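Dear colleague,

Please find below the structure that I am handing over to you. I would be glad if you could look through it alongside the notes that come after it.

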Amino acid sequence: TNAQTEQGRGAVSAVQDLRRKAATYMESLQRPAPESVPYYVALLNNTTMLSSTENRDSLALQVSDGQQRIYKLEMEKEHWMLEAQLLQIKMEKEQKKIGVMQTELAQLREAGACGGIVLNQPPAALSNAARDVSEPGSPRSRKPIIVTGAAELGRMS
């Protein structure tokens, strides 16, 4: 009889479970049905979602391309900045050379005005000629360079 009692208890608990499930089902039937989305609206939403995904991918690609262009332009900018510095240094060197040559030319003109030899040579030759004339015993110190007119002296400056 003990076995029958336990079977009876198991049957009672099974019946109670079924009653609870039935009550839950009946409650769900009484609730209003959730609103459904019409098929054509669902298709439009799907199309919109796909196009926005494509747009996002397209924008990501554009951002990537933009970043690559920025990197290349920064590298090019750095190259031209270095190039500008190099040209600045070269210009300063040339300006120093011009200053030295103008000083030598002024000294040679002064020597010419004082009865010295006036030279009719390009500026590079002037510094060599001035050095040769000033050094006694140099082979060129015996061969003076003659200027044909004052106009040519102005052309050298």
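What follows is a description of the model, from its confidence and its elements to its side chains and surface.

This is a predicted model, in which local features need pLDDT of at least 70 and side-chain atom pairs count only at pLDDT 80 or more, whereas totals for chains, interfaces and linings use all residues. Residues are numbered from 1 along each chain as its sequence is written, and side-chain values use heavy atoms, with hydrogens and water left out.

To begin with confidence, pLDDT (the predictor's confidence in each residue, from 0 to 100) has a mean of 78 over the protein chain, with 66% of the residues reaching 70 or more. The elements are DSSP runs numbered from the N terminus, helices being H or I over at least four residues and strands being E over at least two. The protein chain has four helices and zero strands, in the order α-α-α-α from the N terminus on. Among these elements, the highest mean pLDDT, 93, belongs to helix H2 (residues 39-113), and the lowest, 49, to helix H4 (residues 150-156). Over residues 140-152 pLDDT stays under 50, and the model has 20 contacts (heavy atoms within 4.5 Å) beyond four places in sequence for them. Where pLDDT is low, the predicted coordinates should not be read in detail.

Of the contacts in the protein chain with a separation of 6 or more, 60% are between residues 24 or more positions apart. Of its 157 residues, 7% count as buried, where buried means under 20% relative accessible area, exposed over 50% and partly exposed in between (1.4 Å probe, protein chains only).

The count of salt bridges (a side-chain nitrogen of Lys or Arg within 4 Å of a carboxyl oxygen of Asp or Glu) comes to two. In one of them, arginine 20 pairs with aspartate 17, with the closest N and O atoms 2.7 Å apart; these residues are three apart in helix H1 (residues 2-30), which separates them by about one helical turn. Arginine 20 is exposed, at 53% relative accessibility, while aspartate 17 is partly exposed, at 37%. Lysine 97 and glutamate 94 also form a salt bridge, at 3.6 Å from N to O, and they too are three residues apart, in helix H2, with about one helical turn between them. Glutamate 94 counts as partly exposed, at 43% relative accessibility.

With kind regards
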